[in-house]
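Hi there,

Here is the structure I promised to pass on to you. Have a look at it first, and then read my notes below.

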Amino acid sequence: MRTALDEASAAAARGEVPVGALVLAADGRLLARAGNEVEARQDASAHAELLALRAAARMLGSPRLVGCTLVATLEPCPMCAAAASHFRVSRVLFGAYDPKGGGIEHGPRLYAQPGCLHRPEVIGGIEEREAAALLRRFFLIRRG
């Protein structure tokens with residue numbers, strides 16, 4: 001989670017919403033890391049999770065990340081939660097819960113839906129205070 005938090009801080013420094021993510025191989029090796037790049041790329045789908053998942057898939061040469069773990073500083077939104085399912089990650093670990101925009105523990109609760117393609121193991125609340133504090137500070141500054 002420390003690496004994901006570093007990515008989130010770097011994203012904030014670039015003016016992006018401070019979310020960071022990484023993908024770990026089954027043996028714990030770091031495959032990919034990313035921070036949000038929505039503003040820089042002018043791409044609403046350039047969330048940290050998607051960027052990290054795509055990079056990990058390229059590194060492994062496979063669209064499936066079986067045995068891999070997605071680590072994110074914020075509960076993945078529905079788009080990122082669905083992507084994690086399609087990439088077939090084994091685990092999703094996240095920091096802060098997102099009652100407004102989350103897609104796993106909140107909102108559509110994607111993995112609880114009967115039609116869900118693949119249900120990874122989920123553990124939330126890892127370094128929750130630090131992850132939430134990054135977001136609070138960012139939006140406090142942004143909102144004046």
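Which residue just after α5 takes a positive phi? That would be Gly144, with a phi of about 100°.

Before the rest, a word on the source. This is a predicted model, where local features need pLDDT of at least 70 and side-chain atom pairs count only at pLDDT 80 or more, while totals for chains, interfaces and linings use all residues. Residues are numbered from 1 along each chain as its sequence is written, and side-chain values use heavy atoms, with hydrogens and water left out.

Let's stay with α5 for a bit. Helices (H or I, at least four residues) and strands (E, at least two) are DSSP runs, numbered from the N terminus. Helix α5 covers residues 128-142, and its end C-alpha atoms are 21 Å apart.

Which residues of α5 are buried? They are Ala131, Ala132, Ala133, Leu134, Leu135 and Phe138. Buried means under 20% relative accessible area, exposed means over 50%, and partly exposed is in between (1.4 Å probe, protein chains only). These buried residues pack against α1 (2-13), β3 (69-74) and β4 (91-96).

Two packed helices are described by the angle between their axes and the distance between the axes. Here, the axes of α1 and α5 come within 11 Å and cross at roughly 5°. That makes α1 roughly parallel to α5. Axes are lines fitted to C-alpha atoms, for helices over the stretch in contact, and angles run from 0 to 180 degrees between N-to-C directions. Angles under 35 degrees count as roughly parallel, over 145 as roughly antiparallel, 65 to 115 as roughly perpendicular and the rest as oblique.

On the α1 side, the contact (heavy atoms within 4.5 Å) is made by Arg2, Leu5, Ala8, Ser9 and Ala12. On the α5 side, Glu130, Ala131, Leu134 and Phe138 take part. Sorted by type, the residues of this contact are six nonpolar, one polar and two charged. For that sorting, Ala, Val, Leu, Ile, Met, Phe, Trp, Tyr, Cys and Pro count as nonpolar, Asp, Glu, Lys and Arg as charged, and the others, Gly among them, as polar.

Next, the aromatic rings. How many aromatic pairs does the structure hold? It holds two. The rings of Phe94 and Tyr97 are edge-to-face, because their centres are 5.1 Å apart and their planes are at 80°. Phe94 counts as buried at 0% relative accessibility, whereas Tyr97 is partly exposed at 33%. The rings of Phe138 and Phe139 also have their centres 5.1 Å apart, with planes at 85°, so this pair is edge-to-face. Phe138 is buried at 9%, and Phe139 is partly exposed at 27%. In case you wonder about the rule, rings of Phe, Tyr and Trp (its six-membered ring) pair if their centres lie within 6.5 Å; planes under 30 degrees apart count as stacked, over 60 as edge-to-face and the rest as tilted.

Now for strand β2 (residues 30-35), where you can find Leu30 and Leu31. Leu30 is partly exposed, with a relative accessible area of 40%, but Leu31 is buried at 7%. Leaving aside neighbours within four places in sequence, Leu30 is in contact with Leu22, Val23 and Leu24. With residues up to four places away again not counted, Leu31 touches Val23, Leu24, Ala25, Ala56, Met59, Leu60 and Cys68.

Finally, some loop residues. Arg88 lies between α4 (78-86) and β4, and has a positive phi of about 65° although it is not a glycine. Arg109, in the loop between β4 and β5 (121-123), has a positive phi near 45°. Both are partly exposed, Arg88 at 27% and Arg109 at 43%. Ile126 sits in the loop between β5 and α5. Outside its sequence neighbours up to four places away, Ile126 touches Met1, Leu93, Phe94 and Gly95.

Happy browsing!

Technical notes
Expected span 1.5 Å × (residues − 1).
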